[in-house]
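Q: I would like a close look at a single part of this model. Please keep it brisk and stay with what the coordinates show.

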Amino acid sequence: MRFDGWIAGLGTGAGVRLVVGYWPVSPLGSFADVMVERADGHRVLLAPSQQVAEFVSATYRFDEIVMCPVAVEAGQGQGQRQGQRQAQWTVTAGPLRLVFVPGRSTALGRLLRLVPGRLASSPGWAALCDVPARLLMPGVRTRGSAGRGRREWYAARDLRTITSARASWDGRDLGALTAVEPPVRFGFGSVPRRPSLARVVTTVEIVTTAELGAPR
């Protein structure tokens, strides 16, 4: 199963760390979801449907699942032109309100943009990038084992810093933008410590086709 989209990861002054997945193209249709880890380590999934909740919670680990509409308004252009600054992104998901602004591609992001598309999105390329990713961004993994015996590969196509953000939970401000520290514990790896927006193609190898459920 291949998911083509974006992953944003950031921390807040309140100790809440947020990981937003925005997937315009996926076997589950176009959707977004949010993984939240509170300062006390409690992990919450905000999912827009039962189908998404079941698939994501089978792949990653959570202490709580909240079903709610999840809407992402992505900045204009979405980084299609090298060096282009993006407009702000807005995320609304149940109790969460998040607005963030991505900056320009990092040096690593610019290198990733040079890799031909078919190669850059392949599991083989993601596996090859795993060791360099660990060295450059401690805690980050581009391949690993997920729930139910699944295997997963993250093929990055671009990487941008997040220059500013504001977030609230049930109307309570979560504080200033901070690093993702400590790393999040949803799966086999974390997002980069520095707040960032990554363009990614994620491939999930499932054990049996019966796991697909309703999607065709």
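Which residue in S13 is the bridge partner of Gly5? Please take the strand from there, and then its wider setting.

A: Val200 is the bridge partner of Gly5 in S13. Bear in mind that this is a predicted model.

Start with the strand itself. S13 covers residues 196-205. The strand is mostly covered, with 9 of its 10 residues buried.

Now its neighbours. S1, residues 2-12, pairs with S13 in the antiparallel sense. That pairing runs over 8 bridges. Next, the wider setting.

The chain has 216 residues, and 50% of them count as buried. It holds 5 helices and 13 strands. Take the contacts in the chain with a separation of 6 or more: residues 24 or more positions apart account for 59% of them. The accessible surface of the chain comes to about 10,200 Å². Carbon and sulfur atoms hold 54% of that surface.

Aromatic rings come next. The whole structure has 7 aromatic pairs. One of them joins Tyr22 and Trp89 edge-to-face. Their centres are 5.8 Å apart, with 90 degrees between the planes. Tyr22 sits in strand S2, residues 17-25, and Trp89 in strand S7, residues 89-93. The pair links distant parts of the chain, 67 residues apart. Both Tyr22 and Trp89 are buried.

Trp89 also pairs with Phe100, and this pair is stacked. Phe100 lies in strand S8, residues 96-105, and Trp89 in S7, so the pair ties together parts that are 11 residues apart in sequence. Phe100 is buried, as is Trp89.

Elsewhere, ring pairs link Phe3, Trp23, Phe31 and Phe55 into a cluster.

S7 has a strand partner as well. S6 and S7 run antiparallel and are joined by 4 bridges. Ala71 stands opposite Thr92 in S7. S6, residues 70-73, has two faces. Val70 and Val72 make up the covered face. Ala71 and Glu73 make up the uncovered one.

Notes. Residues numbered from 1 in each chain as written. Predicted model: local features only at pLDDT ≥ 70, side-chain atom pairs only at ≥ 80, totals over all residues. Heavy atoms only, no water. Buried < 20%, exposed > 50% of the residue type's maximum accessible area, 1.4 Å probe, protein only. Contact = heavy atoms within 4.5 Å. Areas by Shrake-Rupley, 256 points an atom, 1.4 Å probe, with all protein chains shown as cover. Phe/Tyr/Trp six-rings, centres within 6.5 Å; stacked < 30°, edge-to-face > 60°. Pairing = 2+ DSSP bridges.
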